[in-house]
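Take a moment to look over the sequence and the model before reading on.

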Amino acid sequence: MTSPVTVTKLLSMKQKGEKIVALTAYDFPFARILDGCGVHVILVGDSLGNVVQGKANTLPVTMDEMIYHTQMVARATENALVVGDMPFMSYQTSIKHAIKNAGRFLKEAGAAAIKLEGGATVSETIRAISATGIPVQAHIGLTPQSIHQMGGHKVQRDEDRLMQDALKVQEAGAFSVVLEGIPADIAGKITKALTIPTIGIGAGPDCDGQILVLHDMLGLTDRHLPRFVKQYARLMDNAKAAVTLYQDEVQTGRFPAKEHCY
Ligand code: KIV
C-alpha cells in the first residue's frame with residue numbers, strides 16, 4: 001500500500017535523489033487516473049483558464065473557480081499531494097487577503113498546499129502564509145500571471161536574479177519551487193544550491209522533479225504548444241475518431257444494436 005505524499009516526503013525524495021513526478025488536473029476523472037498511477041503531486045493549476053475554460057491566458061481565473069476545481073481533484077485523490085494554485089490578484093493586494101485565500105484551499109477545497117507565482121517580491125507573503133501552517137510552493141522564472149510585464153511567454157535568462165529569487169523563497173519558508181522557462185544549466189545550478197525540491201517545466205532535466213500541463217501532454221488540446229512539452233498521447237484525435245464513429249453508427253442505424261436494448 002502506498003502512503004500519502006507529504007511535503008516532508010518530497011524533501012526526503014530530493015535528499016535521496018528520487019525524481020518527483022507532478023502533473024496538473026482540474027477534475028475528478030483525471031485526478032483519479034493520476035492518483036491511481038502514483039503521481040506524487042497534483043497541481044490544480046490556474047492553467048485551468050487556458051486548457052479547460054478556453055481563455056487566452058490565466059488572468060481571468062477566479063478564486064471561486066479554483067476552489068470548485070480543487071474540490072473535485074481532492075475528492076478523487078487518495079495519495080498524491082494536492083496543491084491549489086493561487087489565481088491572479090488573490091495574493092498580490094495584501095498579506096491578509098493572501099492568507100485568507102490560501103486558507104480557503106485547505107479549508108473549503110481539501111488541498112494540502114498552495115502555489116503562488118513570484119520570487120523575492122512575494123517572499124513576505126510566502127513567509128506569512130507558511131507561518132499559518134499552510135505549505136507554500138513558489139514559482140519563479142516564466143510566471144504566466146506576469147505575461148504583460150514580461151512581454152509574452154519568454155524564457156527567463158537573468159541568472160543572478162533567478163538565483164536570488166530561488167534563495168529568497170526558500171528562506172521565506174517555501175517547501176518547493178517551480179522553475180518555469182529557465183535555461184537548463186541555470187535550473188541545474190539553482191537545484192544544487194537549494195535544499196528544497198525544484199520542480200521544472202521548461203527548465204531541463206536537472207530539476208528534482210518535472211511537471212507538465214495534463215491536457216498538453218495528453219494531446220487534449222489544439223492550442224500551440226511550447227517546445228518543452230512532450231505529447232505522450234493524442235486524446236483529442238482519439239476522441240474525434242470515437243465521436244465520428246458514433247455519429248456514423250447513429251445515422252446508419254448500427255447503434256443502438258440488440259445488446260443495447262431492453
Ligand atoms: O498553472 C499551472 O498549470 C502551472 C504549472 C504549469 C506549473 O502553474
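Which residues surround the ligand? They are Thr 24, Leu 43, Gly 45, Asp 46, Ser 47, Asp 85, Lys 115, His 139, Val 178, Ile 201 and Val 213, where a residue is near a molecule if one of its heavy atoms lies within 4 Å of it. This is a predicted model, in which local features need pLDDT of at least 70 and side-chain atom pairs count only at pLDDT 80 or more, while totals for chains, interfaces and linings use all residues. Residues are numbered from 1 along each chain as its sequence is written, and side-chain values use heavy atoms, with hydrogens and water left out.

An N or O atom in the side chain of Ser 47 is 2.5 Å from a ligand oxygen. For Lys 115, a polar side-chain atom lies 3.0 Å from an oxygen atom of the ligand, and for Asp 85 the distance from a side-chain N or O atom to a ligand oxygen is 3.2 Å. On its own the ligand has 260 Å² of accessible area, and the protein covers 95% of this (Shrake-Rupley method, 1.4 Å probe).

Now turn to the fold. A closed barrel of eight strands runs E1-E2-E3-E4-E5-E6-E7-E8, with parallel pairing, and two strands pair if DSSP finds at least two bridges between them. As one example, E6 (residues 176-180) and E7 (residues 198-201) are joined by four bridges in the parallel sense. Val 178 has Ile 199 in E7 as its bridge partner.

Two details of the backbone can be located next. Met 89 is not a glycine, yet its phi is positive, about 75°; this residue is in the loop between strand E3 (81-85) and helix H5 (95-107). Phe 255 and Pro 256 are joined by a cis peptide bond with omega about -5°, and Pro 256 is placed in the segment after helix H11 (235-252).

Finally, consider the whole chain. An automatic or database assignment divides the chain into domain 1 (7-231) and domain 2 (234-262). Their centres, taken over C-alpha atoms, are 38 Å apart. Along its principal axes the C-alpha trace spans about 65 × 40 × 35 Å.

Terms used. Polar contact = N/O pair within 3.5 Å; in protein donor to acceptor, adjacent residues only side chain to side chain.
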